[in-house]
Amino acid sequence: KKYMTELVKQFEDKLSKFTGAPYVVTTDCCTHAIELCFRLLEIKSCRFSAHTYISVPMTMKLLGVDYELSITPWQEEYQFLTTPVWDSARCLKPGMYRPKQYQCLSFGPGKPLDNVRGGAILLDNEEHYKQLKMMSYDGRDLSHEKWIDQKLYKQGFHYMMRHEECESASLLLENYISAGNFEHKYKPYPDLRDIEIR
């Protein structure tokens with residue numbers, strides 16, 4: 001278990017150094033990273049680009065967030081307006097972190113770091129880092145070797161990035177940095193204003 005935890009920490013440390021974010025929380029995907037940030041910050045309303053993946057408005061619906069879709073175009077990342085949360089799924093650059101923000105990354109197929117699966121949250125709030133780590137890992141305090149030894153839990157979610165995914169992503173990140181190509185072009189997402197979610 002210690003070895004597995006170290007693999008996760010090694011990848012988070014590499015991301016921290018590369019992006020300039022003081023803290024990094026790995027997750028199983030970008031959508032869940034966004035969800036955790038909205039839950040932690042208790043965000044109840046926002047506005048964001050209609051040109052995004054369908055899981056984003058579905059997450060808003062799940063959380064009961066009152067949202068509005070805008071026609072704002074974007075390339076690498078966009079902000080959930082009136083919040084400090086960003087969907088940075090298509091961005092991975094040196095020093096990309098913005099102070100006091102929560103930037104959510106994706107390491108899925110076709111993204112800058114083309115791993116099998118994975119995501120992360122970049123942030124600079126130490127207390128929120130600790131809370132998000134626990135939230136993403138079933139509410140677990142990893143200072144306990146066995147989860148059954150922990151007697152008090154806050155609501156958590158099974159959203160952690162697995163150690164083998166962190167191991168492969170760590171190697172991909174090293175190659176990505178060596179290649180030095182941090183500019184990427186993508187086709188825009190469809191306009192979700194044309195789609196109804198019931």
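This is a predicted model: local features need pLDDT of at least 70, side-chain atom pairs count only at pLDDT 80 or more; totals for chains, interfaces and linings use all residues.

Trainee: How many residues does the largest nonpolar core have, and which have the most contacts inside it?

Mentor: A nonpolar core joins buried nonpolar residues through their side-chain atoms. Here the largest has 49 residues, and those with the most contacts inside it are Phe11, Leu15, Phe38, Phe80, Leu92 and Ile121. Helix H2 (residues 30–41) gives the most to this core, with 7 residues.

Trainee: Which residues are in contact with Phe11, leaving aside its neighbours within four places in sequence?

Mentor: With those neighbours set aside, the contacts of Phe11 are Thr26, Phe107, Leu113, Met161, Cys166, Ala169, Ser170 and Leu173.

Trainee: How does one read burial along a helix? Which residues of helix H3 are buried, and what covers them?

Mentor: In helix H3 (residues 55–63), the buried residues are Ser55, Val56, Pro57, Thr59, Met60 and Leu63. Their cover includes H2, strand S2 (45–49), strand S3 (66–70), strand S4 (78–79) and strand S5 (85–87). After H3 comes Gly64, with a positive phi near 70°.

Trainee: Let us turn to charge. How many salt bridges does a search of the whole structure find?

Mentor: The general idea is that side chains of opposite charge can pair when their charged atoms come close. In this structure, the search finds 14 salt bridges. One of them joins Asp28 and Arg117, with the closest N and O atoms 3.4 Å apart. Asp28 is in the loop between strand S1 (23–27) and H2, and Arg117 is in the loop between strand S6 (102–106) and strand S7 (119–123), so this pair ties together parts that are 89 residues apart in sequence.

Trainee: Are Asp28 and Arg117 buried or partly exposed?

Mentor: Asp28 counts as buried, at 9% relative accessibility, whereas Arg117 is partly exposed, at 37%. The pair of Arg193 and Asp191, with an N to O distance of 2.5 Å, may be read in this way too. Arg193 is partly exposed at 47%, while Asp191 is buried at 18%. In the salt bridge of Arg162 and Glu164 (3.5 Å, N to O), Arg162 is partly exposed at 44% and Glu164 is partly exposed at 34%.

Trainee: Which residues are linked in a network of salt bridges?

Mentor: Glu76, Lys93 and Glu183 are linked in such a network. Lys93 is also among the residues that Thr19 touches.

Trainee: Finally, which residues form a nonpolar patch on the surface?

Mentor: Trp147, Ile148 and Tyr153 form one, with about 330 Å² of accessible area together. Tyr153 lies in the loop between helix H4 (126–136) and helix H5 (163–179), and counts as partly exposed because its relative accessibility is 32%.

Definitions and conventions
Residues are numbered from 1 along each chain as its sequence is written. Side-chain values use heavy atoms; hydrogens and water are left out. A nonpolar core is a set of buried Ala, Val, Leu, Ile, Met, Phe, Trp, Tyr and Cys residues joined through side-chain atoms within 4.5 Å. Buried means under 20% relative accessible area, exposed over 50%, partly exposed in between (1.4 Å probe, protein chains only). Helices (H or I, at least four residues) and strands (E, at least two) are DSSP runs, numbered from the N terminus. Contact means heavy atoms within 4.5 Å. Patches are made of residues with over 30% relative accessible area and no salt bridge: like charges are joined within 9 Å, nonpolar side chains (Val, Leu, Ile, Met, Phe, Trp, Tyr) within 5 Å. Accessible areas come from the Shrake-Rupley method with a 1.4 Å probe; for residues, only the protein chains shown count as cover. A salt bridge is a side-chain nitrogen of Lys or Arg within 4 Å of a carboxyl oxygen of Asp or Glu.
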